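This briefing looks at one helix and its surroundings. Please have the sequence and the 3D view open while you read.

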Amino acid sequence: MKRIFAFVLLSLFSAQLFAWSGMGHDVVVEIAKRHLTPKAKEGIARYMPYDITRDSRWMDKHRSDPELLYMYHFHEQCINLETLEYDPNAQVEKGDIMRGLFLAEYNLSHREHLSDSVVVLNIRMLLHFMGDLHCPVHIGVPGIWFPKPPYREDMGKWYWKGTAYKSFHKLIDRAPGLLNPDLTAVQLAEKLDKKIPRSRSRKWTRGDFVDWTNDAARSGFRIYDYFPPLWEIPDSPEPKYIPDDFLDNTEAILNEALLKAGYRLAHVLNNCFR
């Protein structure tokens with residue numbers, strides 16, 4: 001129970017942050033594009049006759065628009081930190097990634113009843129929220145829903161290899177770019193996707209959003225094998241130092257998260273536009 005409470009406090013301000021960086025979200029969509037069926041590509045192009053990677057972060061850029069405020073909490077995921085399984089009761093009134101994904105999937109599967117602009121919005125939801133679902137620092141109980149102070153403020157700077165970051169969240173957001181400074185999103189997608197056997201990708205796409213959330217939590221939380229969970233680190237003004245080898249040690253975990261997000265995104269889009 002203490003772990004859940006601490007994570008709630010931690011997440012209050014992380015809810016203001018974005019999952020992955022531009023690089024991470026772009027890579028997820030680039031991986032998905034490599035596995036779209038011809039019919040899905042044609043169906044999506046009818047509504048979005050341009051490279052859909054450019055919309056990978058659209059939901060972040062417009063998350064505070066008055067017309068989209070009802071989706072503000074759709075960027076965070078709710079799990080029980082004791083079981084590492086999806087918890088639909090954390091704050092069902094506000095919604096979470098799960099609501100956004102199920103809503104987008106349903107709407108796109110019934111798009112004949114929707115205007116073109118609404119279809120585009122729902123495609124953008126899938127493009128973005130699938131990446132959020134797999135980002136380790138977006139897995140938890142959004143603290144913005146916790147009604148009382150004190151809240152974790154991440155008062156001190158977080159240092160990695162001599163560079164200061166506003167939060168641990170910010171470092172994970174930027175990890176794909178930090179680990180691959182000389183690669184574009186297209187190049188990184190190709191590099192990661194090159195060695196994935198079909199048997200593994202089929203296994204990744206079995207189940208539904210709930211199964212994928214549980215898997216993302218269990219896989220993503222392995223990053224804390226190399227650095228203490230944040231809820232165990234005092235929220236003090238003193239600087240925090242992340243080991244220099246942290247990203248090297250967690251690179252395989254983060255890469256797997258990007259791959260799973262990309263394959264699962266393609267799977268959902270293929271089903272919606274079959």
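Two residues are in contact when heavy atoms of theirs lie within 4.5 Å, and a residue is buried when its relative accessible area is under 20%. The model is predicted. The protein has 11 helices and five strands, and 55% of its 274 residues count as buried. Among contacts with a separation of 6 or more, 78% join residues 24 or more positions apart.

**Helix α5 itself**

- Helix α5 covers residues 97-109.
- At 1.5 Å a residue, the 13 residues of α5 should span 18 Å, and the C-alpha atoms at its ends are 18 Å apart, so the two values agree.
- At the start of α5, a side-chain oxygen of D96 comes to within 3.1 Å of the backbone nitrogen of M98.

**The buried residues of α5**

- I97, M98, G100, L101, A104, N107 and L108 are the buried residues of α5.
- These residues pack against β2 (85-86), α6 (116-133), α10 and α11 (246-272).
- An α-helix has 3.6 residues a turn, so residues three or four places apart point the same way.

**Packing of α5 with α10**

- Helix α10 spans residues 209-220, and its axis is 10 Å from that of α5, at an angle of about 145°.
- The crossing of the helices α5 and α10 is right-handed.
- On the α5 side the contact is made by M98, L101, F102 and E105, and on the α10 side by F209, V210 and T213.
- By class, five residues of this contact are nonpolar, one is polar and one is charged.

Note on methods. Residues numbered from 1 in each chain as written. Predicted model: local features only at pLDDT ≥ 70, side-chain atom pairs only at ≥ 80, totals over all residues. Heavy atoms only, no water. Axes fitted to C-alpha atoms, helices over the stretch in contact; angles between N-to-C directions. Helix = DSSP H or I, 4+ residues; strand = E, 2+ residues; numbered from the N terminus. Left-handed = near helix turned anticlockwise from the far one by under 90°. Nonpolar A, V, L, I, M, F, W, Y, C, P; charged D, E, K, R; others polar. Expected span 1.5 Å × (residues − 1). Buried < 20%, exposed > 50% of the residue type's maximum accessible area, 1.4 Å probe, protein only. Polar contact = N/O pair within 3.5 Å; in protein donor to acceptor, adjacent residues only side chain to side chain.
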